[in-house]
Amino acid sequence: MTATMDRTRDVLANWPYPPDGGWTSDDLDLLPQDGPNGELDLFKRVELIDGALILMSPQRNFHEYVISNLRGMLKAQAPAHLRPSTQMTIRIDRWQRPDPDVLVVDADASRDMARTAFQAKEVHLVVEVVSPESEHRDIHVKPKIYAGAGIRHFWIIEEERGQPVVHVYELDEATSFYSGIGIFRDKLQLQLPFPITIDIADLLT
């Protein structure tokens, strides 16, 4: 959270319309977990994209398996100065605070138990696991946000005939866009952001 956050701001005063001045990154820290009309867990997981509040839908089992297993694989292989995380947002600017499925961040930042978000400069890898409701955001919208923030490594994981497929991208600093490195269906082997080897079928075990 930022030192200048206005904790007196009633972000739900106009619900379901945005608060005065629109939604901002700081507003996510002011949301309760439940909705203003008693909706359980309505705000349990939200993100801010282009100033719009996005409420995350319940995910399929495919999504859960891939996220959980990938985090474990990354944790087992990451060097000591890096650490994978899930269900944490990235505070990019006033209007952008996306919530990727998996991210790899500086270990020092990950150890800060008071954190509600990471800064883009602390993030080394972002992974989005595509679901039907998030497909457009994951493939067309969020990559531009991550690239513009200078996050060097980005993966998209899609389902193809019931199996995960990993699309790997790396930032082209000259253009601030991602370039495709490869599409992996059997085994993923990379040297960046650290040496990684993943048997992709194991993402569903």
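Trainee: How much space lies in the second largest pocket?
Mentor: About 360 Å³ of space lies in the second largest pocket. Keep in mind that this is a predicted model.

Trainee: Which residues are closest to the centre of that pocket?
Mentor: Leu 28, Phe 43, Lys 44, Arg 45 and Val 46 are the closest, out of 15 residues that line the second largest pocket.

Trainee: And how does that lining divide by class?
Mentor: The second largest pocket has six nonpolar, four polar and five charged residues in its lining.

Trainee: OK, what volume does the largest pocket have?
Mentor: The largest pocket has a volume of about 420 Å³. Its lining is made of 17 residues, and those nearest the centre are Arg 45, Ser 57, Gln 59, Glu 64 and Gln 87.

Trainee: Where does the largest share of that lining come from?
Mentor: From helix H1, residues 61–77, which provides four residues. By class, the lining of the largest pocket has five nonpolar, six polar and six charged residues.

Trainee: Let's go to cavities. How many are there of 30 Å³ or more?
Mentor: The count comes to two cavities of that kind. The largest cavity holds about 80 Å³ of space. It is lined by 15 residues, and Met 56, Gln 59, Asp 101, Glu 133 and Ser 134 are the closest to its centre.

Trainee: Which elements give two or more residues to that lining?
Mentor: Strand S7 and helix H3, residues 135–148, do. H3 gives the most, with three residues.

Trainee: And how do the lining residues of the largest cavity divide by class?
Mentor: They divide into two nonpolar, four polar and nine charged residues.

Trainee: What lines the second largest cavity, then?
Mentor: Leu 70, Trp 155, Ile 157, Val 166, Leu 188, Ile 198, Ile 200 and Leu 203 line the second largest cavity. By class, that makes eight nonpolar, no polar and no charged residues. The space in this cavity is about 30 Å³.

Trainee: How many residues does the largest nonpolar core have?
Mentor: The largest nonpolar core has 25 residues, and those with the most contacts inside it are Leu 70, Leu 74, Trp 155, Val 166, Leu 188 and Ile 198. Elements that give two or more residues to this core include H1, S8, S9 and S12. H1 gives the most, with six residues.

Trainee: Can we zoom in on Ile 198? What is Ile 198 in contact with?
Mentor: Leaving aside its neighbours within four places in sequence, Ile 198 is in contact with Leu 70, Met 73, Gln 77, Trp 155, Asp 186, Lys 187, Leu 188 and Leu 203.

Trainee: What about S9 and S10?
Mentor: S9 and S10, residues 177–184, also run antiparallel and are joined by seven bridges. Tyr 169 stands opposite Gly 180 in S10. Their hairpin has four residues between the strands, and Ser 176 in the turn has a positive phi of about 60°.

Trainee: And how do S1 and S2 pair?
Mentor: S1, residues 46–49, and S2, residues 52–55, pair in the antiparallel sense over four bridges. Leu 48 has Leu 53 in S2 as its bridge partner. In this hairpin, with two residues between the strands, Asp 50 takes a positive phi near 50°.

Trainee: Last one: is Arg 137 buried or exposed?
Mentor: Arg 137 counts as buried because its relative accessibility is 15%, and the cut-off for buried is under 20%. Arg 137 lies in helix H3. Beyond its neighbours within four places in sequence, Arg 137 is in contact with Glu 47, Ile 54, Lys 142 and Pro 143.

Note on methods:
Residues numbered from 1 in each chain as written. Predicted model: local features only at pLDDT ≥ 70, side-chain atom pairs only at ≥ 80, totals over all residues. Heavy atoms only, no water. 1 Å grid on protein atoms, 1.4 Å probe; cavity = no way out; pocket = protein on both sides within 12 Å on 5 of 7 lines; lining within 4 Å. Points joined across faces, edges and corners; volume = space filled by probe spheres on them. Nonpolar A, V, L, I, M, F, W, Y, C, P; charged D, E, K, R; others polar. Core = buried A, V, L, I, M, F, W, Y, C linked by side-chain atoms within 4.5 Å. Buried < 20%, exposed > 50% of the residue type's maximum accessible area, 1.4 Å probe, protein only. Contact = heavy atoms within 4.5 Å. Pairing = 2+ DSSP bridges.
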